[in-house]
Amino acid sequence: LETPGVRLQMSTADDRLYVADSEGGLLIFDVSEPSAPVEVGSIPYPYGAEGVASSGVLVYVTAGGALHVVDATDPAAPVTLGSTTGVTLRGAVELTGSLAVTFQPLIWNAYNEAVVDVSDPTAPVAVGFFGGFVFMNPHAASGSLVVEGGYNELNVFDLTTPSSPVLVGWMSPAVRVFFVTGYLGALTTFSTYALETVGAVEAEDRAGALLNAAANNLLGLGLV
C-alpha cells in the first residue's frame, strides 16, 4: 500500500480502509480485494492528516488543528459535515460511543488529550481535557475508559463525565519493571527449566531429569 507520505493512523469499516497520511490527508481505499487495495477517494489538507477513526460511513479526522467529521457514504466524494473550533486538536483519534478522543504527542501539560462530543456530526465540540507526557504512545478507548501509554507509565482515565475525566489507575515505572523484569523473567526461567526437564525425560535421561528438577526447586526455595 503506497501513499504520498507517512501513514500516521489507519481505520477500517466494512470494505474500506481510511488512512491519515502526513502529506495526502485523508485517503480512502477499497479493500474488498485485500490483495489489491484501490484508492477511491480523498480529502487533502494543507499539512496532511494526523489521525483517523471510523464508524460506519462516518470518518473522524484530525488535521489542521481540528477534528473533522466526514461523511464517506460516497467514498469518491466524501463530505465534511462539521469541524471543531476554538481549540487546537491534534494526533491520533479513538472512538467510544458518542465521544472521540484525540491524543496529541510530544507535549507535557494537562490538555494533551481532548474529549470531543460527536453526537451531532455537524457540530463536534471539545468538552473535556486530560493528559500527561505522550510520546508515540499506545492508546485505546472502550466504554467509559481510555488507556494511554505515557512516558514510562500506563494511565487509565474514566470518561463517565466527559467534561471532567478522572485518572482511575496507572502503572508506574517501578511496577512496570516488576512485571516485565520480575514476573515475566520468572516465567521464562520456569519455562526453560521445564523444557530442559522434559527434554531429558524424552532422551530417557531420567537421572538428569530428576537432578534438574530437584536442583531448580531446592535452589529456588532456598533463595526465597
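1. Strand S5 is largely enclosed by the rest of the structure, because 4 of its 5 residues are buried. Buried means under 20% relative accessible area, exposed means over 50%, and partly exposed lies in between, with a 1.4 Å probe and protein chains only. Strands here (E, at least two residues) and helices (H or I, at least four) are DSSP runs, numbered from the N terminus.

2. On provenance: this is a predicted model, in which local features need pLDDT of at least 70, side-chain atom pairs count only at pLDDT 80 or more, and totals for chains, interfaces and linings use all residues. Residues are numbered from 1 along each chain as its sequence is written, and side-chain values use heavy atoms, with hydrogens and water left out.

3. Strand S5 runs antiparallel to strand S6 (residues 58-63), and 5 bridges join the two; strands pair if DSSP finds at least two bridges between them. Ser-55 stands opposite Leu-58 in S6. The two strands form a hairpin with 2 residues between them, and Gly-56 in that turn has a positive phi of about 65°.

4. Gln-9 sits in strand S1 (residues 7-13). At 12% relative accessibility, Gln-9 counts as buried. Its side chain reaches the backbone nitrogen of Val-52 at 3.0 Å. Apart from neighbours within four places in sequence, the residues in contact with Gln-9 (heavy atoms within 4.5 Å) include Tyr-18, Glu-50, Val-52, Glu-94 and His-139.

5. The structure holds 1 salt bridge, a term that requires a side-chain nitrogen of Lys or Arg within 4 Å of a carboxyl oxygen of Asp or Glu. The partners are Arg-90 and Glu-50, with the closest N and O atoms 2.9 Å apart. This pair links distant parts of the chain, 40 residues apart: Arg-90 is in the loop between strand S8 (79-83) and strand S9 (92-96), and Glu-50 is in the loop between strand S4 (38-43) and strand S5 (51-55). Arg-90 counts as partly exposed, at 39% relative accessibility.

6. His-68 belongs to strand S7 (residues 66-71) and is buried, with a relative accessible area of 12%. The side chains of His-68 and Ser-83 are joined by a polar contact of 2.7 Å. A polar contact is a pair of N or O atoms within 3.5 Å; within protein, one must be able to donate a hydrogen and the other to accept it, and residues adjacent in sequence count only if both atoms are side-chain atoms. Beyond four places in sequence, His-68 is also in contact with residues including Tyr-45, Tyr-60 and Thr-80.

7. Asn-155, in strand S15 (residues 153-158), is buried at 8% relative accessibility. Leaving aside neighbours within four places in sequence, Asn-155 is in contact with Val-146, Val-147, Glu-148, Leu-167, Gly-169 and Trp-170.

8. Leu-145, Val-166 and Val-168 make a nonpolar surface patch of about 240 Å². Patches are made of residues with over 30% relative accessible area and no salt bridge; like charges are joined within 9 Å, and nonpolar side chains (Val, Leu, Ile, Met, Phe, Trp, Tyr) within 5 Å. Leu-145 lies in strand S14 (residues 145-150) and is partly exposed, at 37%.

9. Chain totals: the secondary structure comes to 2 helices and 16 strands, and 38% of the 224 residues count as buried. The accessible surface is about 12,500 Å², with 61% belonging to carbon and sulfur atoms; areas come from the Shrake-Rupley method with a 1.4 Å probe, and for residues only the protein chains shown count as cover.
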